[in-house]
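User: I am new to protein structures and would like to learn how to read one feature after another. Could you take me through some of them slowly?

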Amino acid sequence: MVSFDIPVPANYGGAIDVFYKLKSFHDAGVKVHLHCFEYDRKPSPLLNELCAEVFYYKRDISRTKLFSLKPYIVITRNSPELLKNLLKDNYPILFEGLHSCFFLSDKRLKDRRMIVRTHNIEHDYYTSLGRTEKDLFKKYYFQNEAGKLRRFEHTLTHASGIAAISKNDAEYFSKKYDNVTTVSAFHPNEGVSVCPGKGTFALYHGSLDVGENNEAAMFLTTKVFNDLKMPFIVAGNKASRELKDALAANPNAELRSGITSEDIYELISQAQINILPTFQATGIKLKLLAALFRGRHCLVNTPMVLKTGLESLCVIRDDPKEMKKAVKELMAKPFDSIEIAKREEILLNKGFSNSHNIAQLKGLLFS
């Protein structure tokens with residue numbers, strides 16, 4: 001298993017998916033030899049408990065790599081030592097994300113079973129990041145990287161199969177590549193743990209330094225909760241100055257920052273509404289799964305649930321006025337056992353449990 005990052009702590013989408021995938025492999029009796037790239041995180045003893053072996057490789061993040069024809073997120077994960085270690089055995093290989101696929105096309109691996117876990121349609125994702133980015137250098141980087149990723153994606157023709165994270169992504173990849181299977185995101189939820197009844201506030205959560213999350217939080221603060229007389233909490237770290245100012249101007253809004261994943265999960269459980277718009281319909285959002293497994297009412301816009309199979313578990317509104325109306329209605333509506341049973345039926349039996357996901361992935365790797 002080749003990971004783009006050290007997946008501990010599991011405190012952002014990609015790391016959460018990788019960490020709980022490792023845990024699921026371990027629980028299923030699969031011995032994983034983990035290779036991960038190190039750049040802003042330290043080696044974790046916890047990984048030694050889940051894996052047969054763990055290898056770390058320094059990621060070369062020097063700016064000279066920006067001038068490569070290959071995407072920066074790929075060329076900076078080029079380690080000859082990784083290839084040397086992969087060639088020591090004949091085990092199937094799981095590449096995590098297009099990020100880790102530098103050696104996918106290497107002729108020395110052509111007879112290996114190689115599966116790529118796609119976390120997004122990467123060029124779409126980077127195009128969206130460029131659209132929302134305010135900093136001109138970063139905007140250019142995202143736009144340039146999107147073009148490189150679009151061209152580099154062709155390396156997936158060398159894969160034995162693709163494990164797409166959502167049905168929407170699987171449809172896209174199936175038009176271009178063979179043996180595509182939907183394997184939904186791995187997550188920390190063993191079961192549905194929603195508290196029935198009512199909460200007292202609406203919640204948006206996310207990594208606020210990510211452009212799309214900042215855009216969503218600003219949209220909610222300035223266009224939905226701008227004149228609603230009810231508590232609204234935005235939870236996440238590294239909020240922008242514009243978001244801090246917008247929240248400070250609203251007497252009913254509050255920013256919770258400097259908090260842990262456990263704090264976020266507690267807020268999700270306590271909230272009456274988890275409100276989660278997005279303006280980028282790629283992949284599947286771990287925040288959506290967290291809200292559905294742990295939270296009460298879930299109010300979203302269409303891109304958040306498009307072709308996910310989770311549409312029936314959410315209230316979907318796209319217009320700010322319609323969102324306002326839905327917020328008022330849902331704040332007054334207790335969450336009951338019927339809704340909880342509906343969540344359990346779909347989340348646990350329709351392809352969103354870790355046990356289902358690991359069975360799918362084992363089929364791809366060992367068939």
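This is a predicted model: local features need pLDDT of at least 70, side-chain atom pairs count only at pLDDT 80 or more; totals for chains, interfaces and linings use all residues.

User: Which residue other than glycine has a positive phi?

Analyst: That residue is Lys238, whose phi is near 65°. Lys238 also belongs to a loop, in this case the one between β9 and α9 (241–248).

User: Now I would like to turn to strands. How many bridges join strand β2 to strand β3, and in which sense do the two strands run?

Analyst: Strand β2 (residues 33–38) and strand β3 (residues 53–58) run parallel and are joined by six bridges.

User: What is the order of the strands in the open sheet of six?

Analyst: Reading across that open sheet, the order is β10-β9-β8-β11-β12-β13, and the pairing is parallel. β10 (253–256) and β13 (315–316) are at the edges and have a single partner strand each, so one side of each is left without a neighbour in the sheet. Within the sheet, strand β11 (residues 273–276) pairs with strand β12 (residues 297–300) over four bridges in the parallel sense, and Ile273 has His297 in β12 as its bridge partner.

User: Which helix lies across β8, β9, β10 and β11?

Analyst: It is helix α10 (residues 261–270), which runs at about 150° to β8 (202–205) while lying across β8, β9 (232–235), β10 and β11.

User: How should I describe two helices that pack together?

Analyst: Two packed helices are described by the angle between their axes together with the distance between those axes. Here, helix α8 (residues 211–224) packs on helix α13 (residues 320–331) at an angle of about 80°, and their axes are 10 Å apart. α8 and α13 are therefore roughly perpendicular to each other. On the α8 side the contact is made by Phe219, Leu220, Lys223 and Val224, and on the α13 side by Pro320, Met323, Lys324 and Val327. By class, the residues of this contact of α8 with α13 are six nonpolar, no polar and two charged.

User: At what angle do helix α11 and helix α14 pack?

Analyst: Helix α11 (residues 286–294) and helix α14 (residues 337–349) pack at about 135°, with their axes 10 Å apart. These two helices, α11 and α14, are therefore oblique to each other. Leu289, Ala291, Leu292 and Phe293 in α11 meet Arg343, Leu347 and Leu348 in α14, and the contact of α11 with α14 has six nonpolar, no polar and one charged residues.

Terms used. Residues are numbered from 1 along each chain as its sequence is written. Side-chain values use heavy atoms; hydrogens and water are left out. Two strands pair if DSSP finds at least two bridges between them. Axes are lines fitted to C-alpha atoms, for helices over the stretch in contact, and angles run from 0 to 180 degrees between N-to-C directions. Angles under 35 degrees count as roughly parallel, over 145 as roughly antiparallel, 65 to 115 as roughly perpendicular and the rest as oblique. Contact means heavy atoms within 4.5 Å. Ala, Val, Leu, Ile, Met, Phe, Trp, Tyr, Cys and Pro count as nonpolar, Asp, Glu, Lys and Arg as charged, and the others, Gly among them, as polar.
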